[in-house]
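Let's take a walk through this one together. Have a look at the model first, and then we'll go through a pocket and some charged pairs.

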Amino acid sequence: MTKEDISLALQEGEGYKIEFKERISGLDKEMVAFANSSGGRIFIGVSDDGKVKAINVTNRLKSQVQDIANNCKPKVKIILEEAGNILIIEVREGKDKPYECSAGYFRRIGPNSQKMTRGEIVEFFKSEGKIRFDELTEPKFRYPQDFDKEKLMEFLELAKLSKSTKYSTILKSLGVAEKQEGRMYFSNAGVLFFAKEPQRFVPWAVFTVALFKDKDGVDVIDRKEIAGSLFEIVDKVMDFVKLYSKVAYRFTGKPQREEIYEYPFEAVREAVINSVMHKDYFEHGHNNILKFFPDRIQIENIWVKPGNFVLGKTVFRRNHIIADLFLRIHFGERLGSGMRRMRQICKNENAPYPQIEYTDTHFYVTFRQSREYWKLAEEDLAESNVLVNAVIAKLFRDAVNDAVNDAVKARRARELLYIHRNGPTNLSGLMSVFEVSRATGQRDMANLKKLGVVIFEGAPKTGGYALTEKGKKIIEEIEE
């Protein structure tokens with residue numbers, strides 16, 4: 001550090017990354033506190049109020065300081081710097097947290113080093129990945145009474161593994177059970193995959209799915225709490241998605257027509273798998289949630305450590321055993337490629353890329369309807385030439401609209417039908433589905449409002465366009 005840096009540090013005083021000490025007594029507490037936090041500097045030879053107290057910086061003193069760092073568990077990495085009568089100790093943030101000294105575990109809270117309570121130590125271990133839920137033993141589980149061999153057989157079938165080996169040997173090789181004093185003990189991962197009733201042991205390991213009539217999520221049409229083994233949960237969630245997804249058809253000249261669904265199922269499935277795989281199972285108060293709105297599917301989970309699968313930048317895994325079991329049955333991919341796979345699937349299916357949003361506590365993955373689906377759906381309407389033409393005939397009779405060309409009339413008719421089928425829709429949704437600019441979308445809605453068939457409901461940022469009574473009546477007459 002330069003003289004200016006030292007002078008500035010002395011003026012600013014102690015803080016989150018700066019500590020003053022006149023002597024080296026209690027130095028180990030400060031070292032582990034910085035190592036357990038974001039690192040920092042300790043100025044030896046400075047009083048709490050920033051006054052320099054001259055010390056004799058000798059090799060012996062430096063050796064003592066290094067010994068103190070080495071006696072911490074694990075060793076704390078430091079760099080020593082001499083500045084006149086001050087010894088500056090730079091403590092690096094630890095890569096093997098938590099660090100401990102003879103007096104216990106400490107961390108930096110503002111300008112102070114505070115000893116952690118038992119509960120804080122447990123939470124710290126969790127946050128640093130030192131304690132993993134899936135590795136902990138479930139003492140209430142009894143083998144073979146609570147064990148479901150059919151689930152293991154299904155798993156082995158999916159993983160293409162031999163079924164001829166003893167169950168206990170297979171379970172131990174998968175890392176989900178171990179034998180101690182003649183008894184088989186299951187980890188939580190083993191329970192979540194191979195118990196007859198996994199939720200009897202981990203009640204919060206469920207996935208909530210809900211279908212909404214409106215885009216704001218107020219009017220619930222269907223809601224379920226999906227339970228079972230983790231790989232069963234994934235399949236049941238996808239069954240729910242497929243049940244309520246609309247389908248269009250492409251005629252290829254072959255006897256069987258090709259089905260094109262409104263959402264890219266494999267991409268949604270990838271997001272569901274990763275949501276289950278990386279869930280914080282220590283958190284009891286929040287389920288994984290899939291919300292099916294008229295215009296989107298949203299998967300919600302509590303926030304995990306930065307570097308999770310959503311951001312797709314690292315290979316961070318909260319639950320190593322659970323992740324490995326999923327990978328064995330080809331649910332998900334290695335090397336943190338979940339987001340890349342989702343994007344590639346969406347690209348292949350001509351669907352919008354999933355939208356990622358996150359707050360301090362939650363993250364959300366949102367899927368919009370496939371452009372390919374709506375292209376085919378519109379083609380079906382155009383081929384039938386019934387609904388669209390009927391809407392055009394009802395809406396655009398007067399002379400004011402005669403100047404509007406047929407293509408614009410057809411688009412506005414389809415927009416009206418889309419709002420009818422999907423409920424209140426915001427401008428962004430219409431822009432995405434019909435691939436129009438914001439200005440064009442605004443003109444279309446202004447025209448339909450002028451005709452008295454749509455109205456904007458709700459707040460400017462969260463509301464959407466809905467049918468008026470006149471609009472509903474027109475559609476009803478046409479459908480009759």
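**A pocket and some paired charges**

Sorted by class, the residues lining the second largest pocket are five nonpolar, three polar and three charged ones. Here Ala, Val, Leu, Ile, Met, Phe, Trp, Tyr, Cys and Pro count as nonpolar, Asp, Glu, Lys and Arg as charged, and the others, Gly among them, as polar. Before we go on: this is a predicted model, where local features need pLDDT of at least 70 and side-chain atom pairs count only at pLDDT 80 or more, while totals for chains, interfaces and linings use all residues. Residues are numbered from 1 along each chain as its sequence is written, and side-chain values use heavy atoms, with hydrogens and water left out.

Back to that pocket. Its lining includes Ile419, His420, Pro424, Glu457, Thr468 and Lys472. Helix 15, strand 18 (454–457), strand 19 (464–467) and helix 18 (469–479) are the elements that each give two or more residues to this lining. (Helices, H or I with at least four residues, and strands, E with at least two, are DSSP runs numbered from the N terminus.) A pocket, by the way, is an open set of points on a 1 Å grid over the protein atoms alone, where a 1.4 Å probe fits, with protein on both sides within 12 Å along at least five of seven lines; lining residues have an atom within 4 Å of a point.

Now for the charges. Side chains of opposite charge can pair when their charged atoms come close. A salt bridge means a side-chain nitrogen of Lys or Arg within 4 Å of a carboxyl oxygen of Asp or Glu, and the structure holds 22 of them.

Take Lys151 and Glu232, whose side chains meet in a salt bridge at 3.8 Å, N to O. Lys151 sits in helix 5 (residues 149–159) and Glu232 in helix 9 (residues 230–244), so this pair ties together parts that are 81 residues apart in sequence. Lys151 is buried at 6% relative accessible area, while Glu232, at 21%, is partly exposed. (Buried is under 20%, exposed over 50%, and partly exposed in between, with a 1.4 Å probe and protein chains only.)

Which residue does Arg412 pair with? Asp444, with the closest N and O atoms 2.7 Å apart. Arg412 belongs to helix 15 (residues 406–422) and Asp444 to helix 17 (residues 438–450), so parts 32 residues apart in sequence are tied together. Arg412 is buried at 9%, and Asp444 is buried at 0%. Salt bridges with shared partners join Arg411, Arg412, Glu415 and Asp444 into one network.
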